[in-house]
Amino acid sequence: MREHLRLYLVADPAFAGIRRLPDIVAAAVRGGVTMVQLRDKGDHVGRFVQEARAVRQALDGTGVPLIINDRVDVAHAIGADGAHLGQRDLPVRDARRLLGPNAIIGLSIEQAAQLAHADLAAVDYLGAGPVFATTTKPDAAPPLGLDGLAAIRAACNLPIVAIGGLSVDNAAGVIAAGADGIAVVSAIMAAADVARAAAQLRTRIGG
C-alpha cells in the first residue's frame, strides 16, 4: 500500500479544462503517478459513472489503483479498487462491508484528535490534510502544518498520504515529516505538461 501512495493524483474534472480527463490521467501515470483518486463534487451521478469508467479504462494494465472519492456506490458500480471517505461521509465500516475485504479504503484525517474516534481497523490508509492552505477544496479544514502532520504520524502506524497545498517546493519536507506519499490536484491537473509535472514531483520525493 505504501508504494501506491507515493504520488497520488486527485483527478478532478473541474481542473481539466478542455482536456479529456482520461488523457490527463494517462499522462500523469507516465510521469510517475502511483495512485489515482477520481473526485467530482457535481450532482450528476450518471456523468460521474461515465467519467469513472473512462478513467478506469485508461488505467487498465498500468497497475495503478483507481479510488473513488466519497461515492461508494460509484466505486462499486464501476469495479474501482476502492473509495476514499471524509469525516462526514459513509462510515468506513459500512464502506468495507459494501466493497468487500479486498477494497482499498482511505479516510481523511484533519487533526490527530480524530484518530481516537476513527474506525481504523476498517481503513487501509489515511489522507492527512490539508497540510498547507489550499484553494482546490473550498470547505477544507484549517491547515495542519508540518507539525500537525508529524503528530498524526506519531499517533498512527497506518500508511499516510499528505494532501493540501503541495508542490515541488514543499513536497520533500512533507515526506520528511512522516508522510508515505503526497496527494496533489492542481500541481498536476493544471500543468501544461502533465507528465513532466508528475515526473518532477516524483523526483523530488524519491521512491
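Modeller: Helices and strands are here DSSP runs, helices of at least four residues and strands of at least two, numbered from the N terminus. The model discussed is a predicted one.

Biologist: How many helices and how many strands are there in the protein chain?

Modeller: Counting runs in this predicted model gives a chain that contains both kinds of element. The protein chain holds eight helices and eight strands.

Biologist: In what arrangement do the eight strands run?

Modeller: Their pairing is parallel, and the order is 1-2-3-4-5-6-7-8. Averaged over the sheet, and with direction ignored, neighbouring strands are turned by 25 degrees against each other. The arrangement that the eight strands form is a closed barrel.

Biologist: Which residue of strand 4 stands opposite Ile-67?

Modeller: Strand 3, covering residues 66-69, runs parallel to strand 4, covering residues 82-85, and three bridges join them. Within strand 4, the residue opposite Ile-67 is Gly-82.

Biologist: What angle does the direction of helix 2 make with that of strand 3?

Modeller: Helix 2, residues 45-59, packs on the sheet, where it touches strand 2 (35-38) as well as strand 3. Its direction and that of strand 3 make an angle of about 160 degrees.

Biologist: Which strands does helix 8 touch?

Modeller: Helix 8, residues 194-205, also packs on the sheet, and its direction makes about 145 degrees with that of strand 1. The strands it touches are strand 1 (7-11) and strand 8 (181-184).

Biologist: Are the residues on the two faces of strand 6 buried or exposed?

Modeller: A residue counts as buried when its relative accessible area is under 20%. On one side of strand 6 (residues 125-128) lie Tyr-125 and Gly-127, and on the other lie Leu-126 and Ala-128. Both faces are covered, and these four residues are all buried.

Biologist: What radius of gyration does the protein chain have, and what would a compact globule have?

Modeller: The C-alpha trace spans about 40 × 40 × 30 Å along its principal axes, and 52% of the 207 residues count as buried. For 207 residues, a compact globule would have a radius of gyration near 17 Å, which agrees with the value for the protein chain, 16 Å.

Key. Residues are numbered from 1 along each chain as its sequence is written. This is a predicted model: local features need pLDDT of at least 70, side-chain atom pairs count only at pLDDT 80 or more; totals for chains, interfaces and linings use all residues. Side-chain values use heavy atoms; hydrogens and water are left out. Two strands pair if DSSP finds at least two bridges between them. Axes are lines fitted to C-alpha atoms, for helices over the stretch in contact, and angles run from 0 to 180 degrees between N-to-C directions. Contact means heavy atoms within 4.5 Å. The radius of gyration is taken over C-alpha atoms; the globule rule is 2.2 Å times the number of residues to the power 0.38. Buried means under 20% relative accessible area, exposed over 50%, partly exposed in between (1.4 Å probe, protein chains only).
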